[in-house]
Amino acid sequence: MATLLITGGNRGIGLGLVKVYLENGWNVLATCRDPETASDLTALKKQYGNSLSIFGMDVNNQKQIDATVTSLDGTPIDLLINNAGAVEMAKYGSGAYEKINGVPIDDPDLRKYDYQEWEHVLRTNVLGPARVTGSFVENLKKSDHGIVVMMTSGLASVSNTWQAGRYAYRTSKAALNMLMRSAGEWLESFGITAVAISPGWTRTDMGGPNASNSIEQATVGVYQVITEISPKDAGKFLNFDGTTLPW
Ligand SMILES: NC(=O)c1ccc[n+]([C@@H]2O[C@H](COP(=O)([O-])OP(=O)(O)OC[C@H]3O[C@@H](n4cnc5c(N)ncnc54)[C@H](OP(=O)(O)O)[C@@H]3O)[C@@H](O)[C@H]2O)c1
């Protein structure tokens with residue numbers, strides 16, 4: 001039975017992927033910040049029993065990551081999905097100059113930007129996946145064809161971007177893509193294939209209610225894309241529908 005480890009498995013796209021992988025017979029190691037309140041994961045655990053294990057793990061907390069590595073005791077991991085992610089508090093998907101009651105949703109004025117939040121988003125979306133990938137590399141090396149997925153975004157595309165706002169999210173996901181490319185060569189030396197996949201604009205807490213994809217569309221798409229990945233795909237920036245996204 002193949003094994004998936006996923007971050008942010010308690011809600012949104014992460015929870016959707018946990019369900020899809022369990023339905024397809026995988027062994028799932030779902031990590032989340034607070035297992036006590038992860039009621040959907042607890043319900044899945046009742047349904048799937050030993051096929052699902054739940055771990056408390058903040059991707060910014062090295063001690064919690066190390067504790068998970070220790071409790072896995074060398075279990076091989078075939079697929080790591082770095083799904084956990086953060087965005088500016090304002091919902092993205094709307095233009096920076098769109099207003100609610102006359103107030104810009106995401107004021108693109110660099111003089112007013114929330115730099116503390118920007119740092120938090122970078123830490124979670126870039127350093128988090130780097131820490132997690134590095135920490136579980138020995139488990140991934142034990143798989144015959146280990147795969148690391150960075151859950152990126154179409155908003156990471158530099159060539160597609162000429163739009164103010166969403167600076168924290170855009171810069172974090174562009175940096176995540178670069179992490180995938182540069183650490184990808186290191187991972188390749190161990191036989192591990194790294195890719196970045198965008199789930200598309202999806203109706204979750206992050207994506208908001210107006211997004212184009214349901215969680216099921218996004219997660220079934222991501223599942224199919226991952227199923228077709230082979231070592232020759234290392235370093236690709238893929239969309240949930242299998243197309244390649246522009247850098
Ligand atoms: N939704 C979209 O339209 C869209 C589009 C493109 C890419 N994405 C990417 O897809 C991924 C999932 O997005 P989503 O829409 O499912 O987001 P979401 O509904 O906001 O869920 C975010 C998940 O990340 C977890 N998380 C946040 N910070 C964390 C941390 N420090 N440590 C561990 N877990 C943390 C959250 O856990 P808590 O419950 O503890 O907060 C939650 O499980 C993200 O990487 C996002 O950037 C989403």
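# Chat about a predicted model with a ligand

Colleague: Where does Asp73 lie?
Modeller: Asp73 is in the loop between α3 (62-72) and β4. Bear in mind that this is a predicted model.

Colleague: Is Asp73 buried or exposed?
Modeller: Exposed. Asp73 has 7 other C-beta atoms within 10 Å, and the cut-off for exposed is 12 or fewer.

Colleague: What about phi of Asp73?
Modeller: Phi is near 50° there, a positive value in a residue other than glycine. Most residues other than glycine have a negative phi.

Colleague: And Arg166, what is its phi?
Modeller: Phi of Arg166 is also near 50°, again positive in a residue that is not glycine. Arg166 lies in a loop as well, between β7 and α6 (167-188).

Colleague: Is Arg166 buried or exposed?
Modeller: Buried. Arg166 has 25 C-beta neighbours inside 10 Å, and 20 or more is the cut-off for buried.

Colleague: How many bridges join β1 to β4?
Modeller: Three, and the two strands run parallel. Strand β1 is residues 3-6. Leu5 stands opposite Leu80 in β4.

Colleague: How many bridges join β4 to β7?
Modeller: Four, also parallel, with β7 at residues 147-151. Ile81 has Val149 in β7 as its bridge partner.

Colleague: Which way do the residues of β1 point?
Modeller: Thr3 and Leu5 point one way, Leu4 and Ile6 the other. All are buried.

Colleague: How many bridges pair β1 with β2?
Modeller: Four, in the parallel sense. Thr3 has Asn27 in β2 as its bridge partner.

Colleague: Tell me about Asn27. What is it in contact with?
Modeller: Asn27 belongs to strand β2 (residues 27-32). Setting aside neighbours within four places in sequence, Asn27 contacts Met1, Ala2, Thr3 and Ser51.

Colleague: Why does Asn27 count as buried?
Modeller: Because Asn27 has 20 other C-beta atoms within 10 Å, and the cut-off is 20 or more.

Colleague: How many residues apart are Asn27 and Ser53?
Modeller: They are 26 residues apart in sequence. In space they are 8.3 Å apart, C-alpha to C-alpha.

Colleague: What does Leu52 touch?
Modeller: Leu22, Val28, Ala30, Leu44 and Lys45, leaving out residues up to four places away in sequence. Leu52 is in strand β3 (residues 52-56). Leu52 is buried, with 22 other C-beta atoms within 10 Å.

Colleague: How far apart in space are Leu52 and Thr42?
Modeller: 9.4 Å, C-alpha to C-alpha, and 10 residues apart in sequence.

Colleague: Now the core. How many residues has the largest nonpolar core?
Modeller: It has 59 residues. Those with the most contacts inside it are Leu4, Val18, Leu80, Val149 and Ile197. In soluble globular proteins, nonpolar side chains tend to be buried together.

Colleague: Which residues does Ile197 touch?
Modeller: Val149, Met151, Thr152, Val222, Val225, Leu238 and Phe240, not counting residues up to four places away in sequence.

Colleague: Switching to the ligand. Which residues come nearest?
Modeller: Gly8, Gly12, Gly85, Thr204 and Gly207, out of 30 residues around the ligand.

Colleague: Which helix gives the most to the shell around the ligand?
Modeller: α1, with three residues. Both α1 (12-23) and α4 (115-135) supply at least two residues of that shell.

Colleague: How many polar and charged residues are in the shell?
Modeller: 15 polar and five charged, along with 10 nonpolar.

Colleague: Zoom out. How many helices and strands?
Modeller: The protein chain has seven helices and nine strands. Its radius of gyration is 17 Å, close to the 18 Å the globule rule gives for 247 residues, so the chain is as compact as a globular protein of that length.

Colleague: What does the C-alpha trace span?
Modeller: About 55 × 40 × 35 Å along its principal axes. Buried residues make up 41% of the 247 residues.

Colleague: And the contacts along the chain, what share join residues at least 24 apart?
Modeller: 70%, among contacts between residues at least 6 apart in sequence.

Note on methods. Residues numbered from 1 in each chain as written. Predicted model: local features only at pLDDT ≥ 70, side-chain atom pairs only at ≥ 80, totals over all residues. Near = placed C-beta within 6 Å. Nonpolar A, V, L, I, M, F, W, Y, C, P; charged D, E, K, R; others polar. Rg over C-alpha atoms; globule rule 2.2 N^0.38 Å. Contact = placed C-beta atoms within 7 Å. Core = buried A, V, L, I, M, F, W, Y, C linked by C-beta atoms within 7 Å. Pairing = 2+ DSSP bridges.
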